[in-house]
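Have the model open as you read.

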Amino acid sequence: MKPLLIFVIMMSLAACGGGRLAVAPIDIIDYVSKTIGGSVKGKEKAPTTYKVKKGDTLYAISWRYGMNYKSLAKLNNIKAPYKIFVGQKLRFKSSTPTKRVKKSTKKPTQKASQNSTPTSSSNLTWRWPTKGKVISTYSRKVAGRKGINIAGRTGQQVVSAAAGNVVYSGNGLPRYGNLLIIKHNDVYLSAYAHNKVLLVKEGQYVKSGQKVALLGRTGTQEEQLHFEIRRNGKPVDPLRFLPKR
């Protein structure tokens with residue numbers, strides 16, 4: 001372990017001092033992430049290939065590496081409903097050379113892309129996934145803050161923020177603990193991490209507000225729900241979608 005990292009960890013523990021398990025202040029965590037290149041619940045660098053393990057789903061793998069599940073499926077010629085199997089090797093880069101685009105046609109293509117918008121979330125009615133104070137907000141630039149953290153009590157209910165299908169239910173993603181991922185439509189996914197107990201299974205349809213888990217502290221040091229919304233595979237600020245309170 002690098003001397004600088006050891007020093008930062010010791011300082012963070014000293015700053016928290018005593019009591020139950022210490023939690024490093026967010027500014028210390030951000031410093032480690034930016035200075036040493038660490039990642040706290042941030043996007044992992046995608047490998048060239050990935051061998052599917054037991055419990056994996058295409059949605060969970062694409063979530064882990066910050067990709068759109070449809071892009072990963074297309075790269076590997078996987079059709080809906082995107083079933084994968086243990087031992088299968090997934091490619092993260094196309095083996096087909098990218099054709100060069102002439103300058104005369106490149107600008108119109110870029111302009112059309114910028115003007116296009118994904119399917120609206122207006123047909124989704126978002127709700128808060130649990131009760132409690134928001135103790136960490138979303139940041140586009142800071143690793144580990146791709147959603148919000150909501151403080152709570154062990155065992156309190158976690159509900160689906162909108163209707164959809166459960167596409168992942170497990171604990172195979174590092175630092176997320178017991179995790180649920182719900183697909184709401186072809187554009188939006190939501191995730192619920194650190195749960196004590198998962199109450200729904202992959203493939204199950206859930207209604208908006210349906211109890212899907214019990215809040216916990218798996219994969220973290222204090223009782224909280226880590227909640228994310230992703231649009232076309234990219235994290236967005238959940239507070240832009242959740243009703244004001």
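Here is a tour of the cores and then the salt bridges.

A quick note on the ground rules: this is a predicted model, where local features need pLDDT of at least 70, side-chain atom pairs count only at pLDDT 80 or more, and totals for chains, interfaces and linings use all residues. Numbering runs from 1 along each chain as its sequence is written, and side-chain values use heavy atoms, with hydrogens and water left out.

Start inside. The largest nonpolar core has 27 residues (buried Ala, Val, Leu, Ile, Met, Phe, Trp, Tyr and Cys joined through side-chain atoms within 4.5 Å; buried means under 20% relative accessible area, exposed over 50%, partly exposed in between, with a 1.4 Å probe and protein chains only). Leu58, Ile61, Leu179 and Ile181 have the most contacts inside it. At least two residues each come from α3 (58-64), α4 (69-75), β6 (164-170), β7 (178-183) and β8 (188-195), elements that are DSSP runs numbered from the N terminus (helices H or I, at least four residues; strands E, at least two). The top contributor is α3, with 5 residues. Leaving aside residues up to four places away in sequence, Leu58 touches Tyr69, Leu72, Ala73, Ile78, Tyr82, Ile84 and Leu90 (contact: heavy atoms within 4.5 Å). A second, separate core of 25 residues includes Val158 and Phe241.

Now the charges. The whole structure holds 3 salt bridges (a Lys or Arg side-chain nitrogen within 4 Å of an Asp or Glu carboxyl oxygen). Glu228 and Arg230 pair at 3.0 Å between the closest N and O atoms, and both are buried. Glu223 bridges to Arg217 at 3.4 Å; Glu223 is buried at 17%, while Arg217 is partly exposed at 30%.
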